[in-house]
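Please read them with the coordinates open beside you.

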Amino acid sequence: MGLKGIRKAVGLLLVFSCLFSMSGCWDRTEIEELAFALGVAVDFPKETKSKDIEEAPVKKVNPNIDAPDIAVSPGEREGTVSLVPVEYLITVELPNLRALSSGQSGTAAGGGSKPRRLASVVAASMQRAVTALSERVYRPLFFGHQRVLIIGEEVARHGIKPIIDYFLRNLRINPRMRFMISKGEAKKVLDIEPQMDPLTSRYLFKLLQNAPNHSFGVDSNLLELTNQLMVSGDAVVSRVTAGKDDATVGGSAVIRDWKLVGWLGEVETQGFCLAKGLARQGTIGVPIPDYPSEELAYYYRNAKSKIVPIVTEEEVSFQILVDLRGGITQETGYLALSKEQLEWAERALAAEVSRRVKAGIDKLQEFKVDACEFGRAVERANYHLWETKYRSQWEEIYPHVNVEVNSVVTILSSGVL
């Protein structure tokens with residue numbers, strides 16, 4: 001066999017090798033064979049409250065004993081741990097793909113079922129809940145398309161870390177799912193049947209996506225939240241309240257050391273978003289002089305902010321600079337909107353912006369939650385002083401730090417009129 005024949009034989013061998021190696025997805029699972037978990041809600045069972053867990057009798061056991069049904073916390077004596085029983089009510093929203101693909105939601109669609117199903121189990125952890133659900137749902141549970149994770153108020157006050165841990169360790173979890181804490185039970189949020197979307201999880205996901213467009217709520221996904229919590233344990237996250245046929249994403253939940261410690265109202269949340277640079281657009285209103293029941297409404301479309309630390313040997317203080325540009329969308333006081341009146345409106349709106357930002361910062365200082373990352377700003381401004389003086393005392397210093405807010409509002413348009 002000549003050189004040409006050898007080359008031909010090698011080429012044929014390579015072709016056959018490629019045919020055998022490119023065998024396709026031999027172990028794939030078809031879409032219709034999966035149970036997609038689009039939303040997960042976590043509560044305590046109705047008979048269990050966080051207070052009951054805190055006051056539950058403590059058992060002393062050997063740490064080598066396998067006890068998967070109980071939460072573990074450090075014990076008093078070396079070689080033992082304190083165990084407190086805890087269980088969760090975990091609810092999962094599963095879509096009916098056949099009903100959704102038919103475009104119907106009545107009993108005649110998709111084999112006579114609704115476009116979704118809610119499945120609930122009581123378990124000691126997310127992993128045990130998934131196992132329990134697998135005993136009732138014959139299709140494998142798949143979390144890769146999960147839209148929202150909702151934690152109930154009681155569970156959040158007890159601690160969100162045991163819940164989030166499962167999602168962080170699962171490679172098939174969508175890290176950009178939206179995270180929210182419900183005012184009340186999380187299951188009630190998944191129970192609603194919104195008119196705008198047949199799937200509640202998808203509806204909630206879109207609500208959070210829209211939050212920066214009004215800035216009265218925050219848009220928090222699991223990846224960003226985890227990055228904040230891993231650094232400090234503190235964060236401001238979405239708050240959701242269930243209605244009859246819809247939900248409200250307004251205000252926010254304040255997390256300290258992985259636990260819910262309180263709430264920010266809608267105005268305080270807007271102030272926080274403006275300070276942190278999370279607000280893309282929104283509205284602000286001020287009363288009109290001589291017409292106390294009338295209002296001038298301003299819509300900003302371009303919001304910028306900057307946090308300036310002032311660090312000395314004696315103290316730390318901050319300036320927050322806010323710059324808004326937008327237009328007047330409504331005024332009900334019959335103003336002529338002359339040059340003088342527009343200048344007054346800019347000053348009045350700037351003062352209102354500063355008031356809202358200060359209200360949000362004051363509330364966070366009250367909760368001792370540095371969600372605006374003032375500590376990191378000090379570290380960047382003067383690393384030496386931060387390391388030698390302020391880092392070790394920051395938890396005590398932060399609630400009393402002086403914060404000055406300077407706002408500038410520019411009216412670019414007064415509308416068609």
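1. Let me begin with the contacts. Among those between residues at least 6 apart in sequence, 70% join residues at least 24 apart in the protein. Please keep in mind throughout that this is a predicted model.

2. The protein has 417 residues, and 44% of them are buried. Its secondary structure comes to 14 helices and 17 strands. The accessible surface is about 22800 Å², with 52% of that belonging to carbon and sulfur atoms.

3. The largest pocket deserves a look. Its volume is about 580 Å³. Its lining is made up of 20 residues, and those closest to the centre are Val231, Ser232, Asp234, Asp370 and Trp394. By class, 10 of the lining residues are charged, six are nonpolar and four are polar.

4. Which helices supply at least two residues each to the lining of the largest pocket? They are helix H9 (222–232), helix H12 (374–381) and helix H14 (394–397). The largest share comes from H9, with four residues.

5. H9 also has a buried side. Leu222, Leu225, Thr226 and Leu229 are the buried residues there. Around the helix axis they cover an arc of only 100 degrees, which puts them on the same side of H9. As background, an α-helix has 3.6 residues a turn, so residues three or four places apart point the same way. The cover over the buried residues of H9 includes helix H6 (161–169), strand E10 (178–182), strand E11 (235–242) and strand E12 (247–256).

6. Leu385, Trp386 and Tyr390 are its buried residues. Viewed down the axis of H13, these residues fall within an arc of 100 degrees, so they line one face of the helix. On the face turned away from that buried side sit the exposed residues Tyr383, His384 and Thr388. Strand E15 (291–311), strand E16 (316–331), H12 and H14 are included in what covers the buried residues of H13.

7. Thr312 lies in the loop between E15 and E16 and is partly exposed, at 30% relative accessibility. Which residues does Thr312 contact, leaving aside its neighbours within four places in sequence? The answer is Leu385 and Tyr390, both of which are among the buried residues of H13. Thr312 and Asn382 are 70 residues apart in sequence, yet their C-alpha atoms are 8.8 Å apart in space.

8. Is Gly326 buried or exposed? Gly326 is in strand E16, and its relative accessibility of 0% counts as buried. Not counting residues up to four places away in sequence, Gly326 touches Tyr298, Tyr299, Tyr300 and Arg301, as well as Thr410, Ile411, Leu412 and Ser413. Gly326 and Ser414 are 88 residues apart in sequence, with a C-alpha to C-alpha distance of 9.1 Å.

9. Most residues other than glycine have a negative phi. Asp257 has a positive phi, near 55 degrees, and is not a glycine. Trp258 likewise is not a glycine and has a positive phi of about 70 degrees. Asp257 is in the loop between E12 and strand E13 (259–264), and Trp258 is found in the loop between E12 and E13 too.

10. Trp258 is buried, with a relative accessible area of 10%. The cut-offs behind those words are over 50% for exposed and under 20% for buried.

11. One is H9, which gives four residues to the lining of the largest pocket and has Leu222 among its buried residues. Another is H13, where Leu385 and Tyr390 are buried and are in contact with Thr312.

Key. Residues are numbered from 1 along each chain as its sequence is written. This is a predicted model: local features need pLDDT of at least 70, side-chain atom pairs count only at pLDDT 80 or more; totals for chains, interfaces and linings use all residues. Side-chain values use heavy atoms; hydrogens and water are left out. Buried means under 20% relative accessible area, exposed over 50%, partly exposed in between (1.4 Å probe, protein chains only). Contact means heavy atoms within 4.5 Å. Accessible areas come from the Shrake-Rupley method with a 1.4 Å probe; for residues, only the protein chains shown count as cover. On a 1 Å grid over the protein atoms alone, a cavity is a set of points where a 1.4 Å probe fits but cannot get out, and a pocket is an open set with protein on both sides within 12 Å along at least five of seven lines; lining residues have an atom within 4 Å of a point. Grid points are joined across faces, edges and corners, and a volume is the space filled by probe spheres set on the points. Ala, Val, Leu, Ile, Met, Phe, Trp, Tyr, Cys and Pro count as nonpolar, Asp, Glu, Lys and Arg as charged, and the others, Gly among them, as polar. The arc is that of the directions from the helix axis to the C-beta atoms.
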